[in-house]
Amino acid sequence: MKRILIGLIVAAVLAAGGWFGFNLYAKHRATAEVETAFDQIRAGGGKASHGKVEFDLMSRTLTIEDIAVTPGSQSQAQVKITGIKGIGVRQIDDTRFSADSIDITGLDVALDQVGPAKVKASYKIPQLTMRDYAGPVHIGTAPANGSLIDLYRYVLGQYASVAASSLTAPTLTMSFDSGSGPGGSGEITYSGLAVQNLKQGKVDAIKADRAAISVEVKQPGRPDKLTGELANVIVNDFDATAIIAALDPQTSSDETYRRVYRQVSAGPYAFKSAQGLRVDVDGFVMENIDVQPSKFRLAELFAALPQDQSAIPTPAQSREMLEKVAGVYEGLRIGKAEIGKISIGTPQGTGKVNAIRYREGEFAIEGVDTPAPQGQFKMERFALKSFSVANLMRWATGLANPGQAPSPDQMLGLFRVLDGAEIKGVVSPYKNTRQLITIDTISLNWGQLVGSIPSKANLVVKMVTPTDPSNPAQRPLIMAGVDKLAIDLDLGAAWTESSGAFALAPATIDLGNLAKAQVRFALANVPRGLFTTTDPMEAMSEMAQVETGALELSLRDSGVVDLVVAQFSRMQNVSRDAARSAIAEMIRAQGEKVTATNLDAKAAVDALAGFVETSGQTLTIKLTPLGKVPVMQLMDALNHEPIVALAQFRIEASTGL
C-alpha cells in the first residue's frame, strides 16, 4: 500500500511538472509570437515596444502590458495601450487567431500634423471590449510615406481583416487642433458606444447613446466657442470596403456605386455659441449613402489643398479646388436626407423650421417661421428641383473670375443646374407698412434645354400684394379704394423643334377684383440657333427668320372698367355716366383712322367701345396673319406705322357677358 501511495505521489509530481513545463512552453511560444508581430512593425520602419507578456494555458488567457507603436518611419501616428487581455485565445491557422473576448484598456491613438492642413488629432478609449474576435496573427505593413489617404486605407484594411460579434466602449473621445489654421480646435466625446456583428469590413449596427461636443472657433476678431450634445447616434449597415475601394488607385476607373451606409440617424441635437446663438434639432436621418470610386477621389482633393494655410489662394487655385470638391460630391450619392424640427435662437429672436428634406433630386425647406426686420416671416415650403451640389459648384466655379462680369452663357448655365423652383404659403410684412404680402404659390419649371436655354417653361403665380402708395402707377388704384391686388398667373411656353413652332398657350393672369386676361400666341419657323447663341448679332440674324402666328386675347372685366371710368370722371370733373360715354366716343373716334384702311378693324373698335359701355363683359380679339409676317418687320411697323402693321392680319372681335 505504501508503495502504491509513493507511486501515486511520484505520478502526481511528474504530471504537475509536465503541466507546468508545457505551460512555460506555451507562455514562451505566446511571447515569441507577440515579439514576432512587433518585429514586423520595426522591420517596416516603425517603432514598437511592449511590457510584460503573460499566458495562462488553462484559460488560454494572453495578457500584454504597456504597448507603444509608431507604425511608420515618420512619427505622424502613435498608438499606446495600457494593456490587452485576451481570453480563450486560439490559433485558427498559421495566419489567424481567435478569442472569446479581448479587453483593451487605455487605448490612445495620436495623429500629429496629418495632411496639408497639418491637423493634430487623437482618439482615446479608456476601455474597449470585443467578443468572439477573429483576426490576423500579423498585421500588415504600415505606410511609411506619411500620406493621409494611405494611412486611411491602412487603418480600414486592418478593420476589414477582423471579425467580432460585438465591440463596446463606455466612452470614446476624439480631439483635434488645426494650430494656426482656420479649423479651430475641440473635442467630441461619445458615450455608450456599441458595434454589432463586425465581419469582413461590414457592420450591422453602430450605436452611441450620446456625443458631447466642444469646439473653439478661430475667426479674425470674433473667436467663438461652440458646445453641444447629440443623442441616439445610430448607423445601420456600414461597409468599409466601399471606402477602401474609393481610396484604392487600382479602382479609379470603377463607375459602379457602392453603398457605404444604409442608414445614419441621430437626435435630438442641441448646441450653443458663446455669442448667443442656440440651435435645437429634433433629429436627422440619411439613407442609402453610396460612393462611386471613379469620381470620389479624395486623394486628388487632398493633393490640391494649399500647403501654406495662411496664403490667399489665387483665382485659378480656387477654381481648381472647387472643381475637385465638385468631383467628390459627384461621386457621392444620397438616396434620402431629412432634418427634423429646427429652432434657431439669436439675440434678435427665435426662428423655426419644421423640416429640411432631400429626396430624388429635390431639396426642400418646409415650415419656416422667423423674425424679420419688418415683422414675422412665414413660409410653408421652398423647393429646388433636380438639385445637385456638384452641378451647382461647377456653375459657381465658372463665375469665379474676379473683376470680370459673368457672360450671358455663364449666367444661363443655372438652367442646367436646376429644373425648377417652388415657393408656397408665404406670409411676409410688406416694406415698412403693417400690411402683409401673401404668396399661395410661385412655381417655375423648365426643361428641354437647347444649348443653355430651355425650350419649354411654365410659370404659376398666385399671390396677394398690397398696393403701394409710393408707386405713382398704383395711385389710381388706391384712390379707387383698391388696397390690394390678387394676382393669379399661369404662363406656359414651348418650342417644337420638328415644326419650328413656338407657342405661348395659354398665358393667364387674374387680377382679382379688377380683370382676368388670357393670351394665346404663336410663332412659326423659329430656328434652333435662336436658343443656342448668346451673341446679340447672331441672335438678330436668327430672329429675322421667325414669322408671326395667330394671336388671341380674352379680357374679362371684374372692375377695371369702373376703375378707369371713375378716374376719368375725377380728372374731367363729370359724372361717371358722362365719363363712360366720353371714353367710348374717344375709342370710336380714334378707331376711324384705323378702319379707313382696314375694315376688319371696325369690329374690334366697336367691341372695345361696347366693352367700356357695359361693365362685367368679356372682350375677345383674335388676329390671324393674312400671309407670312416676319416678326422683325412687324415690330418695326408697329413702332412707325401701326395701321399698316394691323392691315397684315384678319381681325375678329366680340363681347359678351
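Helices (H or I, at least four residues) and strands (E, at least two) are DSSP runs, numbered from the N terminus. By that scheme, Ala596 sits in the loop between helix H13 (576–595) and H14. The model is predicted: local features need pLDDT of at least 70, side-chain atom pairs count only at pLDDT 80 or more, and totals for chains, interfaces and linings use all residues. Residues are numbered from 1 along each chain as its sequence is written, and side-chain values use heavy atoms, with hydrogens and water left out.

- Ala596 is exposed, with a relative accessible area of 64%. Buried means under 20% relative accessible area, exposed over 50%, and partly exposed in between (1.4 Å probe, protein chains only).
- Gln617 lies in the loop between helix H14 (600–613) and strand S28 (618–625).
- Gln617 is buried, at a relative accessible area of 9%.
- Contact means heavy atoms within 4.5 Å. Not counting residues up to four places away in sequence, Gln617 touches Leu555, Arg556, Asp557, Gly610, Phe611, Thr655, Gly656 and Leu657.
- A polar atom of the Gln617 side chain lies 2.7 Å from the backbone oxygen of Gly610.

**Second largest pocket**

- On a 1 Å grid over the protein atoms alone, a pocket is an open set of points where a 1.4 Å probe fits, with protein on both sides within 12 Å along at least five of seven lines; lining residues have an atom within 4 Å of a point.
- The second largest pocket holds about 540 Å³ of space.
- Its lining has 20 residues, and Leu332, Ile334, Tyr358, Phe387 and Val389 are the closest to its centre.
- Two or more lining residues come from each of strand S15 (284–291), helix H5 (315–330), strand S16 (332–339), strand S18 (349–359) and helix H6 (389–399).
- S16 gives the most to this lining, with six residues.

**Buried helix and core**

- Helix H3 (residues 240–247) is largely enclosed by the rest of the structure, because six of its eight residues are buried.
- Those buried residues are Ala240, Ala242, Ile243, Ala245, Ala246 and Leu247.
- A nonpolar core is a set of buried Ala, Val, Leu, Ile, Met, Phe, Trp, Tyr and Cys residues joined through side-chain atoms within 4.5 Å.
- The largest nonpolar core has 54 residues, and Ile104, Leu167 and Leu298 have the most contacts inside it.
- Leaving aside neighbours within four places in sequence, Leu167 is in contact with Leu128, Thr129, Met130, Leu193, Ala194, Val195 and Leu198.

Conventions:
Polar contact = N/O pair within 3.5 Å; in protein donor to acceptor, adjacent residues only side chain to side chain. Points joined across faces, edges and corners; volume = space filled by probe spheres on them.
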